[in-house]
Amino acid sequence: MKSPELYHSQFPPPVTRTTSAGRRSSFTIASDAFIFFSGAVAALLLVWAFSTYSNPQPHPSPNFNTPLPDPKSSVTDDVDCKYEFVSSNGLNLRHDPPDPNFYDDPTFEYTIDTPVKNWDEKRTEWLKQHPSFEPGSEERVLVISGSQPGPCSNPIGDHLLLRFFKNKVDYCRIHGYDIFYNNVLLHPKMHTFWAKIPAVKAAMLAHPESEWIWWVDSDAAFTDMDFKLPLHRYKNHNFVVHGWPKLVYEKKSWTSLNAGVFLIRNSQWALDFMDVWSGMGPQTPNYEKWGEILRETCKDKSFPESDDQTGLVYLLLKEKEKWGDKIYVEGEYYFEGYWLEIVETLENITGKYNNIERAVRSLRRRHGEKVSESYSALWEPYLKDAGYGKFSWRRPFITHFTGCQPCSGRHNQMYSEQSCWDAMQKVLNYADNQVLRNYGFVHRDLLDSASVSPLPFDHPA
Ligand SMILES: *[C@@H]1O[C@H](CO)[C@@H](O)[C@H](O)[C@H]1NC(C)=O
């Protein structure tokens with residue numbers, strides 16, 4: 001495996017590549033990551049499964065006329081034990097019938113080099129074989145993130161990555177999403193920002209039960225633990241990315257969108273799209289040529305290497321009929337947002353939320369973390385005037401530390417190390433406060449990660 005330095009030599013630190021909007025996500029990955037991942041499997045954390053399909057199977061009726069469950073439908077024939085294997089959300093984790101499916105085909109491969117065909121049919125077949133996964137499958141989301149295989153060169157980099165990962169685990173636990181964290185290159189040549197594509201493909205094939213795969217960069221944090229993706233909005237789309245259609249189609253800017261967070265439908269469309277997208281990557285003989293084409297297309301792209309983000313802009317511009325029409329460029333809320341724009345708004349937003357809670361007792365009621373979503377719903381009427389995204393006082397959904405490079409420490413020269421570090425602490429503690437609340441504690445000072453105080457009853461009345 002190549003050393004991080006070797007990767008880095010291929011990618012000069014992105015010091016000058018910030019735009020006014022400051023969105024240069026790929027480079028987040030680029031330098032942290034010049035190393036980003038490498039390929040094997042890191043951690044598969046099955047956090048709770050989707051709470052919405054929580055229809056626990058009925059207990060067996062004492063009536064002996066009730067047909068017994070088909071013994072084939074469980075690894076075990078032991079009916080007495082069967083119900084232990086159905087997890088609390090109704091998913092049968094012990095049921096994998098012997099009937100062949102795509103996993104048994106020796107020519108089926110997970111690597112990015114080998115195309116997969118008829119995936120939609122294969123997924124459907126798999127779901128039929130595993131009926132406990134069918135209810136709610138259209139809304140099921142798998143979150144995926146990752147980082148480089150070796151230690152961070154920034155002395156506090158690994159600590160920061162741990163906190164960013166904890167933040168993702170918190171969000172996933174609260175909303176019943178599974179999460180996969182990968183820290184090895186699944187294709188040895190697809191380094192830096194290209195590393196996520198083979199990981200997303202492998203995750204799709206490993207999770208036929210998930211409709212959506214949601215890539216979230218390692219340096220992005222959920223800062224509204226209540227907010228959920230408005231999936232209904234994307235029902236006619238297969239790919240969602242944060243950006244501004246005007247900047248894509250008129251300015252043709254490589255920072256008109258941010259490829260550091262995206263949602264992709266687990267589908268044949270997605271596999272075909274990733275084949276085309278990754279065709280611009282460093283594992284192909286056309287890598288250099290694509291670098292030139294992308295710079296030709298997006299004049300503001302200042303570095304020569306072909307990168308995934310500009311590649312995405314290219315496909316929107318040049319292959320709109322083929323791909324662009326299924327890509328939703330989301331600009332309405334912080335599907336991801338620039339930290340510098342967000343961090344200074346947090347204090348006032350906290351003030352707004354506290355005022356609402358002081359006035360509404362039901363919002364202050366203590367509750368078990370598991371039922372948090374019911375309180376999120378209760379909040380909505382009070383947030384209807386808050387707006388979304390920039391200039392709103394709703395909590396920003398995802399804060400992305402583009403340019404801070406927590407792992408490598410090679411932050412953009414536009415910011416001081418201190419400003420990145422302070423902002424990361426504030427943002428991570430801001431998010432953590434939303435979690436700790438249900439555990440009875442709070443960070444009083446967002447810059448003090450190490451201490452909390454107990455929350456009094458009926459806080460913040
Ligand atoms: C926070 O609110 C105060 C008082 O309304 C206002 O003066 C200030 O500009 C706000 N700060 C930000 C960053 O929005």
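Predicted model: local features only at pLDDT ≥ 70, side-chain atom pairs only at ≥ 80, totals over all residues.
The protein chain has 461 residues, and 43% of them are buried. Its secondary structure consists of 15 helices and 12 strands. Among the contacts in the chain with a separation of 6 or more, 75% are between residues 24 or more positions apart.

Strand E3, residues 178-182, is a place to start with the buried part of the chain. All 5 of its 5 residues are buried, so E3 is largely enclosed by the rest of the structure. The covering applies to both faces: Asp 178, Phe 180 and Asn 182 lie on one side, Ile 179 and Tyr 181 on the other, and all are buried. E3 is joined to strand E2, residues 141-146, by 5 bridges, and the two strands run parallel. One of the residues paired in this way is Leu 142, whose bridge partner in E3 is Asp 178.

In general, strands of a sheet pair through backbone hydrogen bonds, in either a parallel or an antiparallel arrangement.

The helices come next. Two packed helices are described by the angle between their axes and the distance between the axes. Helix H5 (residues 157-175) and helix H15 (residues 417-436) have axes that come within 11 Å and cross at roughly 30 degrees. An angle under 35 degrees counts as roughly parallel, and H5 and H15 are therefore roughly parallel to each other. The crossing in which H5 passes H15 is left-handed. On the H5 side the contact is made by Leu 160, Arg 163, Asn 167 and Asp 170, and on the H15 side by Met 424, Leu 428, Ala 431 and Val 435. By class, these residues are 5 nonpolar, 1 polar and 2 charged. An α-helix has 3.6 residues a turn, so residues three or four places apart point the same way.

Helices H6 (residues 196-206) and H8 (residues 268-278) form another packed pair, with axes 11 Å apart and an angle of about 165 degrees. Angles over 145 degrees count as roughly antiparallel, and H6 and H8 are therefore roughly antiparallel to each other. Their crossing is left-handed. H6 contributes Ile 197, Val 200, Lys 201 and Met 204 to the contact, while H8 contributes Ala 270, Leu 271, Met 274, Trp 277 and Ser 278. The contact of H6 with H8 contains 7 nonpolar, 1 polar and 1 charged residues.

Helix H10, residues 308-318, is mostly covered, with 8 of its 11 residues buried. The buried residues are Asp 308, Gln 309, Thr 310, Gly 311, Leu 312, Val 313, Tyr 314 and Leu 316.

Helix H14, residues 372-379, contains Trp 379. Trp 379 has 18 other C-beta atoms within 10 Å, and is therefore partly exposed. Apart from its neighbours within four places in sequence, Trp 379 is in contact with Asp 226 and Leu 363. Its C-alpha atom is separated by 9.5 Å from that of Ser 362, a residue 17 positions away along the chain.

Some backbone details remain. Phe 391 lies in the loop between H14 and E10, and has a positive phi of about 70 degrees although it is not a glycine. With 8 other C-beta atoms within 10 Å, Phe 391 is exposed. Gln 405, in the loop between E10 and H15, also is not a glycine and has a positive phi, of about 50 degrees. Gln 405 is buried, however, because 29 other C-beta atoms lie within 10 Å. Finally, His 459 and Pro 460 are joined by a cis peptide bond, with omega about 0 degrees. Pro 460 is located in the segment after strand E12 (453-454).

Terms used: Residues numbered from 1 in each chain as written. Axes fitted to C-alpha atoms, helices over the stretch in contact; angles between N-to-C directions. Helix = DSSP H or I, 4+ residues; strand = E, 2+ residues; numbered from the N terminus. Parallel < 35°, antiparallel > 145°, perpendicular 65-115°, else oblique. Left-handed = near helix turned anticlockwise from the far one by under 90°. Contact = placed C-beta atoms within 7 Å. Nonpolar A, V, L, I, M, F, W, Y, C, P; charged D, E, K, R; others polar. Buried ≥ 20, exposed ≤ 12 C-beta atoms within 10 Å, placed from the backbone. Pairing = 2+ DSSP bridges.
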